[in-house]
Every structure is written in structure tokens, then in C-alpha cells.
Amino acid sequence: MKKKTCLFILPIILLIFITISIRSVSSRLLADLHLGRGTYLEANNLYENALQQYSLAIQLIPDFQQGYTARASLHIKLGNYAEAIRECDALLSINSLNPNGHILKAVCYLNLGKYEEAIYESNLANSVVNIYDIPYSVRGAAFFETQRFSEAVRETSMAIILNPNEPTNYFVRGASYYNEGLPEKALADLNKAIELNPANARSYYYRGLTYISLNSPDLAYADLTTFLKMDPSPEWRIKAQQFLLSLTR
Amino acid sequence: MLKDLRQKTPYRIRTLIIRINRYPYAGVIFLVLLTLAMHLTIINNTKSYLFDEGYYVADARLVMAGQPPLNLEHPPVGKFFILNGIRLFGDNPWGWRFFSAISGTICVALFYFICRRLKMRSGAPFMATFVFALENLNFVQSSTAMLDVYMVTFMMAGFLCFLYDRPLAAGLCIAGSALCKFTGILGACTVFFWWLFRPEQRRNTSSIVIFVCSFFVFFALLFWLLYSLYLGDWVNPTERLKEIFKQASGLTYTGTIQYNASRPWQWILQPVWMVYSFIPQYIAMVSPTIWAVMIPIIIYAVYLFSRGNRTGIFSLAWFAGTYLPVLIAVLLTDRVTFIYYFYPVLGSFYIIIGYVLSELIVYWQENKNTQGGQLALICTIFYLTAHVMTFIYLSPLGVPLVKWLPLGI
């Protein structure tokens, strides 16, 4: 009799325990599922729906760091840098040591042309985690844009070691080498940049200039023509046309 | 001629099936091959890093580029595997994760032989290994380029060596485990508890002395040699150890806000998970079929222990050796822990589950016509089905939950 009672009571106790345990984590479970659904929708280019899912996740857990990170990343993808910075600030107010907050903020500043701020945020990200390639990439790009080419080479070299598959790093380092008067090194990097991302117009522009330095006018002409076909901004167009004109002369 | 062939072929197949059935290792060979096939199927699933993979792959890239590695918190053995995987297969997911998959597969075989050595009832080692091979956290950890799977593989090799009375080799293996990740040292606690409580050779102190000495000698020697090899310069081992402990103790709950962190008691009292990736799905979570029965298993293991049962003693030694020190350390230092720190402990649960399932099957075989016997069979089938189903839904092999789970929107 005792054994039979035990056989009935024990599974009931176990079931009650399991139910209570699952209930205690239900909001976290839902928040994660919303985040995951958002990731799935984002991958399918349904950005509005993805944002909605991320917001639902944050509603469930107000200090849900992954939710803010996801929203900031999506805003960057959509080019809403001011929104993204707001999300990063919210994230960093929850956890000032979250490297993602600093990294994403650095990316935003870089895209907004605020290079010193981008360098500052990258440094903060590196002070927390020094193994991610993006802070090095951002610093490299910021140094390049501010014409500090040797520093740009140093930073992008590190970024290339940490992530050898990112074409932007090869482009920045190649263009920096060109500006430093090292056309052979520039050519190797720009070739790699074009191999990894043939859609980046500026890689053709700099490779064209590098070919001019290496006395290969035919190859330079081909690259600069490709660059013009890719429809760059008017300012860059004028520069390329001037070089082309000098080549035809 | 055709008729002749028809008559012969079924007979040959029948004979083959009978032969396979009689072969004692057929089941484990099947599980090993299945595990390997599952790992190799998903190895290229994602080209993005899964959680901490970024640290180890980036370090391997730095070493290959002739630069000093940046992440020195963990010892180098596991990182050597990742580094050599990249050298062998290139800087791609195959290179990063190949040796993890191989380690995970070796683990399945090692675990089977541990169970066999515990002299469990026939069928129990296979049951336990089946549960182990199709458990989500084990599968996820051995699918990623993280250090835990190497640590657990060496640890299990150490247990097996000690069970086969090879204390010198056991010391080397546990030292290897600790050189993958320092928590591998806990394997030595398990060995010590097992030696202390095992039913036979209780007074044989030589085995534990040899084990302890070999562990310390191998650990000290290999720590110094491998770190020097990894960093490309002779290192001062004491300085290195100090640095490592300083880094490891810096990550506390008061110092950081870790959403994914969980405390050791939560691993048993709550379902805990960490998402490495949603699509493809890599969720570090103990299979619910294991988590739900953890407390009854511990109670049952204590019961078996009290009766001097080898399986119970070893299982409890494994649990106490790998779990309790972590629990105490967290209580004392407030160190941040994650669910995958529970991975080395899980073997102790699989053993008892295998033991109970085989007991249920035997009970059914002996009481086929009674209600109790039928209930035992139903429970076994239900549990194993639920275990396989949860594995399919949770593991990277299944369709990601976020793709189909209704969320109300």
C-alpha cells in the first residue's frame, strides 16, 4: 500500500516541481523566442516585423541586452544611425561593459563621419574585449578617412588577422598603402578586396590609381572605367574622370 | 538461378543480423557512427562564430600569423586542436570544428566503456550511451569550437584508465583535461572520491598515490612546455598561473551583468539555456528529459551508494567531484558561471538513467503479463521517445524553433 501511494505521489510532486520551474523562466523563454523570431524575420528582410519582435522581447524583460543589441544592429542595417546610437546608449546604461554597445556605436559614428568618436568608442570596446575584429576595422577606417595612413595600416592589419574574410579591411589597408607610396603592397590588398567583394566601387578606383603608379596604364584605364560604370558619387566621379583624362593624354 | 539467389540472400541477411546482434559492440559502433555522421552533417551549418568560438579561432589566427595570442585565460591543449584543425582543413567551419566533432564522437565510445567497466546489467551501458549520444547539451558542445568537449573527452579517458587500474595513464589524461580547461582538474576529485568509496581494493593506496603524483607531474611539466610552445617563448609557470587565476576570478556577478549567466543550483532547479545561434539552431540546454529527472536521479544514486552499488558509487563520485566544487566556488567567490559548465557533470546522470531503464526492461521481461511489467515497458518507451524527440527539436539537426513555434504574432 505504501509503495503504491509513493508511486502515485512521487510523479505528482515531480510534475508540480517541473511546472513551477518552467513558470519561473517563462518570461525569459518568451523574450528569447521573440528575439529569435526577430532574427529569423530580419534574415528574411522583414525589418518592420523584426523590430516589432525585438521590442516585444524588451517589453518582457526591460534590461534585455540582446534585444537592444539586435535593435541597434537592425537600425544600422537600415541606415538609421541616430536611432541605433539611442539603442546603444540604452544598452550601455544597463551594462556599461557590454562590448557590443561600444562596437555598434563606433560603427554608427564611422558612418556619420564622426571619426574621433568612432575611435573613442572602438577603444572602449577593446578595453572590454580585445579579440573582436570590428573595433580594429572601425579604427582603421577612421584613421584612413582622417589621412593617418600608417595608423590605418596598423589597425587594419590586426583586423585582417582576426577576420581574414572581411573585404573592407583589405580595401582600407590597400588604399592606405597606396597613399603611403607602397603600390605593390596596395595592389595585393586591393586585388583581395575585389576578389572578396567585387561590388565595392572604390576598390577599383584605388586599384586604378595603383596601376598608374606601377606604370600599367591599360589596367588603370580598365579599373577606372569600371569604377565610373558603378555610378559613384559626383565628387568621386570627377576625380576618376580627371585620372582617365590624364591617361588618354 | 534467380530463385536460388532469392533463397540465399534472405538467409545471408538473416545470418548477418544474427552475427551483428551477437557482437557485443554492435550497438556502440552504431552510436559512434551515428554521432559522427550527425556532427559532420551540421559542421558547415554556420560560418558565423558560435558564442566563444570567436576567441579561440581568433587566437588560432594570431598564432598562425606569428603574433602572440590575446586570450590567455584558458590553457592551450584545446586551442592546439582548433589551431591544427585550421591548419588541416583551412580557416573555415570544418577547420574550426572538426576536432570538436571527433572528440565528441570519441566521448561516446569512452562513456560506453566506462559504463561497461561499472559492471552494470547487460544492456545498461548501451542505454546510458544512447541517452548520452542523443543529449542536446553534449551534442551542441561537441559541435562547436569551444574547449569544453576536449576537457570532457580527456576527463572520461582519465576515468576509464583509473577504472582499468591504470593510475599513471589516468593522471596523464586528467592533466590533459585540466590543460584544456582548468575545470578539468575536477576530474581528479571524481577519481579520488571513487577510490575512497569503491567497493573493492579499499586499502590499495598505491593506485591513488601514483595517480596524484602523475597528475601533478604531468600537469606541471605539460603546462610549462605547452604554454611555452603556444606563446613561442619560455614562460614562468607560476607567473602564468597567477595571471590566469587573476583573469578567471575577475568575472563575477557583482562586476558584470551577464544575461546568459546562471548559477550552479539553477542548473538543477530550473531549465536553463543559452542561445549560441537561432538560425541554425544551437541552444546550449540540457535536454528536458534529463533535467526533469535530475533530482530523483540524485536521490536514487544516493540510495544505490548506500547499498554499495558500483554504479551508484561511481555516478555519485562523478557528480560530487565535478559539481560540488563548482557550487562551493561560486558561493565563495561569486564567479560567473554558464550552463555549459554543467556539461562535465552530466555523465553522472546518464549512467543512472541507463541503469534505471535497463532495470525497467528487465522487470518487464520478468513480469510480461502483469500490469506492473507493462507499465515498466510503457515508461521506458515513453521516456526514450521523449528523449529522442526533444533532441530532434532542440539540436542543430532539427528545424529551428523560431521558424515554426507560434508566438501569438
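The structure is a predicted model, in which local features need pLDDT of at least 70 and side-chain atom pairs count only at pLDDT 80 or more, whereas totals for chains, interfaces and linings use all residues. Residues are numbered from 1 along each chain as its sequence is written, and chains are lettered from A and ligands numbered from 1 in the order in which they are written.

The buried set of α5(A) consists of Tyr81(A), Ala84(A), Ile85(A), Glu87(A), Cys88(A), Leu91(A) and Leu92(A); a residue is called buried if 20 or more other C-beta atoms lie within 10 Å of its own, exposed if 12 or fewer, and partly exposed in between, with C-beta atoms placed from the backbone. Because these residues cover an arc of only 160 degrees around the axis, they lie on the same side of α5(A), the arc being that of the directions from the helix axis to the C-beta atoms. An α-helix has 3.6 residues a turn, so residues three or four places apart point the same way. On the other side of α5(A), Ala82(A) and Ser93(A) are exposed. The helix comprises 14 residues (81-94), which at 1.5 Å a residue should span 20 Å, and its end C-alpha atoms are 20 Å apart, in agreement with that value; the expected span is 1.5 Å times one less than the number of residues.

Chain A as a whole contains 14 helices and 0 strands. Its radius of gyration is 25 Å, well over the 18 Å that the globule rule gives for 249 residues, so chain A is more spread out than a compact globule; the radius is taken over C-alpha atoms, and the rule is 2.2 Å times the number of residues to the power 0.38. Taken along the principal axes, the C-alpha atoms of chain A fill a box of roughly 105 × 35 × 35 Å. Buried residues account for 45% of the 249 residues of chain A, and among its contacts between residues at least 6 apart in sequence, 42% join residues at least 24 apart.

Two alanines of chain A illustrate buried positions within helices. Ala70(A), which lies in helix α4, counts as buried with 25 C-beta neighbours inside 10 Å. When residues up to four places away in sequence are not counted, Ala70(A) touches Leu35(A), Gly38(A), Thr39(A) and Tyr54(A), while its C-alpha atom is separated by 9.8 Å from that of Ala84(A), 14 residues apart along the chain. Ala141(A), placed in helix α8 (residues 134-145) of chain A, is buried with 27 other C-beta atoms within 10 Å. With the same exclusion of residues up to four places away, Ala141(A) touches Leu110(A) and Val172(A), and its C-alpha atom is separated by 14 Å from that of Ile103(A), 38 residues apart along the chain.

Between the chains, 25 residues of chain B are in contact with 25 residues of chain A. The elements giving two or more residues to the side of chain B that touches chain A are α3 (53-64) and α19 (401-404) of chain B, and the largest share of that side, 5 residues, comes from α3(B). By class, this side has 17 nonpolar, 5 polar and 3 charged residues, with Ala, Val, Leu, Ile, Met, Phe, Trp, Tyr, Cys and Pro counted as nonpolar, Asp, Glu, Lys and Arg as charged, and the others, Gly among them, as polar.

The largest nonpolar core has 193 residues, of which Ile82(B) and Met156(B) touch the most other members; such a core is a set of buried Ala, Val, Leu, Ile, Met, Phe, Trp, Tyr and Cys residues joined through C-beta atoms within 7 Å. The largest share of this core, 13 residues, comes from helix α8 (residues 148-163) of chain B. Apart from residues up to four places away in sequence, Met156(B) touches Cys107(B), Leu110(B), Phe111(B), Ile114(B) and Gly347(B).

Finally, some backbone features occur in loops. The peptide bond from Ile279(B) to Pro280(B) is cis, with omega near -5 degrees, and Pro280(B) is placed in the loop between β1 (273-277) and β2 (282-285) of chain B.

Terms used: Helix = DSSP H or I, 4+ residues; strand = E, 2+ residues; numbered from the N terminus. Contact = placed C-beta atoms within 7 Å.
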